[in-house]
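Here's a quick tour of one protein model, written for someone who likes to know the cut-offs. Have a look at the sequence and the fold first, then read on.

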Amino acid sequence: MIPLEWMPPLMFGGLVVFMLIGFPVAFSLMAAALFFSIIAISEGFFGMAFLQAIPQRIFGSVLANDLLLAIPFFTFMGAILERCGLAEEMLDSMGQLFGRVRGGLGYSVIIVGFILGAITGTVAAQVIAMAMISLPVMMRYGYNMRYATGVLAASGTITQLVPPSLVLIVLADQLKTQSGSADVGSMYLGAWGPSLLQIGLFALYTFFLARIRPDYLPAIPESELTLKGWALWKKCLLGIIPSAVLIFLVLGTIMTGIATPTESGAMGAMGALLLAWLRRAGIPNLKSLIQQAYQNTMRITAMVVFILIGSTCFSVVFQGVDGGLWVEELFANLPGGWVGFLIVVNLFIFFLAFFLDFFEIAFIVVPMLAPVAVKLLSPVLLDSMNGNPQAAASAALVWFGVMLCVNMQTSFMHPPFGFALFYLRGVAPKEVKSSDIYWGALPWVGLQLIMVVLVIAFPALVTTFLDKPAAVIQSQEFNFITTDESKSESPSSKVDEDAPVNFQLDKPGR
């Protein structure tokens with residue numbers, strides 16, 4: 001007979017075995033759930049009727065989940081924008097603007113990567129587009145190859161963190177507990193601080209490297225800069241203004257409460273189509289571009305849904321064998337309190353990202369860690385949320401989710417399985433060595449890990465922009481006794497009149 005406390009670790013081990021056999025992740029999750037549900041039923045841990053929760057959860061949490069409708073909209077928007085020529089114009093104009101400065105091409109890649117991240121939300125499209133445009137230029141002007149490949153890969157992965165990131169949408173859907181939840185708008189608000197600081201770190205690294213090794217990041221000769229004055233600024237604005245309008249359509253409507261994430265995603269998709277139509281003169285075949293965007297959207301959406309269905313099956317069976325209690329005991333009793341919990345979890349996610357995609361990590365691991373995160377992190381944020389426990393619980397989930405998002409950026413960067421490095425290798429010229437791509441990524445992975453440490457140490461980076469409801473004043477007792485009653489010699493006969501009156505004084509939240 002298998003003890004109940006052995007079942008949760010055995011389920012994780014079984015999942016790894018199914019994946020090592022070569023099963024796709026979605027079907028590995030389903031297979032592990034089916035296999036261990038048979039064992040659990042035979043051992044009497046739960047009955048056959050318990051498995052009725054699986055189809056109910058699939059229909060209720062996956063197929064009927066309005067929030068997940070935002071994923072195909074944002075995917076379609078990114079697929080359109082990656083091919084409409086906007087990236088080319090922005091990189092060219094920014095390169096001309098910063099070209100006179102040492103490392104100017106690096107600054108332009110970082111800034112354009114940030115802007116594209118705020119309107120596309122897809123790493124593959126961003127890395128490929130920027131590498132095809134900027135890498136030959138950087139090579140021509142003698143940039144150090146490791147810096148050039150590293151800054152292109154890192155600036156492409158920033159889209160994981162910059163709203164409207166698909167990762168933030170998925171994490172918002174998975175970070176739900178009985179104590180609180182992280183909605184998409186709050187995740188977007190919380191991600192702005194770390195994303196801006198990370199861009200600052202990238203630029204600071206470029207600045208110091210240009211001072212220490214000026215031969216690594218040379219300035220573009222003045223004779224090569226063809227645009228100057230108003231012509232240069234006009235070209236920059238022609239790329240920035242449409243991007244800013246699209247960013248407001250997508251993010252501004254969510255943050256101001258005008259639209260839901262799904263509605264803003266639909267507006268973003270329509271805005272991308274309009275932008276592509278306005279730029280149709282530079283697009284060889286607009287109809288083919290839209291067809292390819294539909295196909296790409298269909299593939300990614302189908303993949304996400306299948307992984308989510310598999311993770312739902314796994315999660316139901318895992319909870320049936322008290323997996324939630326096992327995870328809570330495992331992580332809640334770590335030395336160091338909440339700091340120890342965050343360090344261990346981030347190390348765990350970092351190494352897990354060597355082998356799993358961010359979708360798989362979000363659907364498998366995050367729902368198990370969310371209850372522990374609320375329990376340990378809510379007290380840390382209670383004062384900053386005006387003593388409101390529910391607001392502190394939701395803010396703790398947002399802080400935890402943004403922190404994991406910063407961490408999971410590294411899954412695209414660290415050798416040997418970083419997908420951003422694969423994308424870069426696929427489009428880089430033959431003279432670019434694979435060793436340069438891999439070694440060039442390491443300093444930027446280090447900068448991303450520094451960003452994780454900063455988010456752990458300074459939760460205000462995430463929570464500053466979140467709504468802070470007014471504090472809830474606990475109930476107080478008041479005795480209202482008249483003068484005559486207070487002089488009465490037999491107060492026991494007036495127990496009902498003299499009974500304390502309880503008042504709940506709740507200040508309305510904003």
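## Ground rules

A residue is called buried when its relative accessible area is under 20%, exposed when over 50%, and partly exposed in between, using a 1.4 Å probe and protein chains only. Helices are DSSP runs of H or I with at least four residues, numbered from the N terminus.

This is a predicted model, so local features need pLDDT of at least 70 and side-chain atom pairs count only at pLDDT 80 or more, while totals for chains, interfaces and linings use all residues. Residues are numbered from 1 along each chain as its sequence is written, and side-chain values use heavy atoms, with hydrogens and water left out.

## Helix 4, wrapped up

Helix 4 covers residues 70–81, and because 10 of its 12 residues are buried, the rest of the structure largely encloses it. The buried ones are Ala70, Ile71, Phe74, Thr75, Phe76, Met77, Gly78, Ala79, Ile80 and Leu81.

## The nonpolar core

A nonpolar core here is a set of buried Ala, Val, Leu, Ile, Met, Phe, Trp, Tyr and Cys residues joined through side-chain atoms within 4.5 Å. The largest one has 161 residues, and Ile169, Leu171, Leu175, Met187, Phe341 and Phe400 have the most contacts inside it. Helix 18 (residues 389–408) brings the largest share of this core, 15 residues.

Take Met187: leaving aside neighbours within four places in sequence, Met187 is in contact with Leu168, Leu171, Ala172, Leu175, Ala182, Val398, Gly401 and Val402.

## A buried aspartate

Asp436 belongs to helix 20 (residues 434–457). Is Asp436 buried or exposed? Asp436 is buried, with a relative accessible area of 14%. Not counting residues up to four places away in sequence, Asp436 touches Met145, Arg146 and Thr149.

Key
Helices (H or I, at least four residues) and strands (E, at least two) are DSSP runs, numbered from the N terminus. Contact means heavy atoms within 4.5 Å.
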